[in-house]
Amino acid sequence: MNYFTFKEPYKEQDRTILEMNILPDKYCTFNCIYCPVSRTQYKHIKTDRLVHFEGLEDSLAELNRQIDTVHPDLVFINSLGEAVLNDALPQIISFIHERKLPVRLLSNGYPLALEPYKSIANTCEEVIGEIKNWQEKDFQLTQRPVSGYTLAQYRDNLLAFRHQYPGKFIFEATIVKGYNDSDEAAFWLAQLTADLQPDVLSILALTDKPFDKKLKISDERLQEINRIVRSYFTSK
Ligand code: SF4
């Protein structure tokens with residue numbers, strides 16, 4: 001039985017993007033208080049272990065059909081949690097490559113420095129890594145990671161992955177009101193961004209409903225933080 005799901009294809013500049021989810025439920029190393037999957041019917045499993053799912057053959061057949069119908073320029077693996085936890089990810093990426101298409105992979109970034117996740121991510125043409133906190137206590141409180149995970153290790157993992165990754169690295173920082181929207185937090189983010197030297201930097205407000213009511217910063221504040229981080233980043 002197919003367990004992949006697909007978004008409506010969309011354009012990004014002049015490229016057609018096919019965005020897909022490769023997890024039947026939410027499997028993630030974190031359980032964020034503002035996770036957009038948290039209010040859905042899906043089961044939530046917090047883990048950093050590889051997971052095996054039945055139905056890969058049917059799922060790849062559906063992916064094949066989608067590619068034939070959409071004719072995308074890129075396949076974006078953006079799942080209900082951490083796509084790297086699907087033990088079939090290498091086969092899925094190979095399948096897309098056999099169709100002569102590049103792959104973009106979204107990860108929260110924590111597993112990217114660890115094997116086998118690092119080697120798998122290295123086969124993708126584009127990888128997105130994220131950050132949503134700058135203080136340990138807030139990381140533990142709001143992202144509720146697997147036991148033993150720390151923000152310092154998270155930062156080191158992003159850097160370790162980035163410094164050996166040959167593809168296009170996209171760094172996505174989400175600004176959450178009351179947690180990482182201070183000037184101090186912006187300077188911390190600026191330093192991390194300068195160290196990462198991403199190919200693409202995206203600094204966003206948290207906009208997922210209903211969490212946006214309490215946790216979305218104003219457009220003006222988002223612009224200010226962008227200014228602080230980008231001026232530091234480009235001046236390095
Ligand atoms: S990292 Fe993303 S998918 Fe995982 S719990 Fe947090 S918001 Fe949800």
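**Strands, a crossover and an aromatic cluster**

Strand β3 (residues 15–21) is mostly covered, with 6 of its 7 residues buried; buried here means under 20% relative accessible area, exposed means over 50%, and partly exposed is in between (1.4 Å probe, protein chains only). Strands and helices are DSSP runs numbered from the N terminus, with at least two residues (E) for a strand and at least four (H or I) for a helix. The model described here is predicted, so local features need pLDDT of at least 70 and side-chain atom pairs count only at pLDDT 80 or more, while totals for chains, interfaces and linings use all residues. Residues are numbered from 1 along each chain as its sequence is written, and side-chain values use heavy atoms, leaving out hydrogens and water.

Two strands pair if DSSP finds at least two bridges between them. Strand β1 (residues 5–6) is antiparallel to β3, and 2 bridges join them; F6 stands opposite M20 of β3. Strand β2 (residues 10–12) is also paired with β3 in the antiparallel sense, over 3 bridges, and E12 has R15 in β3 as its bridge partner. The hairpin of β2 and β3 has 2 residues between the strands, and Q13 takes a positive phi near 50 degrees there. Strand β6 (residues 74–77) runs parallel to β3, joined by 4 bridges, with E19 opposite F76 of β6. F76 has a further neighbour: R104 lies over its face, 5.2 Å from the ring centre. A charge counts as sitting over a ring if NZ of Lys or CZ of Arg is within 6 Å of the ring centre and within 35 degrees of the ring normal.

Together with helix α6 (residues 183–196), β9 and β10 make a right-handed β-α-β unit; right-handed means that, with the strands pointing away from the viewer, the path from the first strand over the helix to the second runs clockwise.

Aromatic rings come next. Rings of Phe, Tyr and Trp (its six-membered ring) pair if their centres lie within 6.5 Å; planes under 30 degrees apart are stacked, over 60 edge-to-face, and the rest tilted. By this rule there are 11 aromatic pairs. Y110 and Y149 form a stacked pair, 3.8 Å centre to centre with 5 degrees between the planes. This pair links distant parts of the chain, 39 residues apart: Y110 is in the loop between β7 (103–106) and α3 (117–122), and Y149 is in the loop between α4 (136–143) and α5 (151–162). Y110 is buried at 4% relative accessible area, and Y149 is buried at 9%. Y110 and Y154 form a tilted pair, because their ring centres are 5.4 Å apart and their planes are at 40 degrees. Y154 lies in helix α5, 44 residues from Y110. F30, Y110, F139, Y149 and Y154 form one aromatic cluster.

Helix α5 has 12 residues and reaches 17 Å from its first C-alpha to its last, close to the 16 Å expected; the expected span is 1.5 Å times one less than the number of residues. Among its buried residues are L151, Y154 and F161. The buried residues of α5 pack against α3, β8 (126–131), α4, β9 and α6, where contact means heavy atoms within 4.5 Å.
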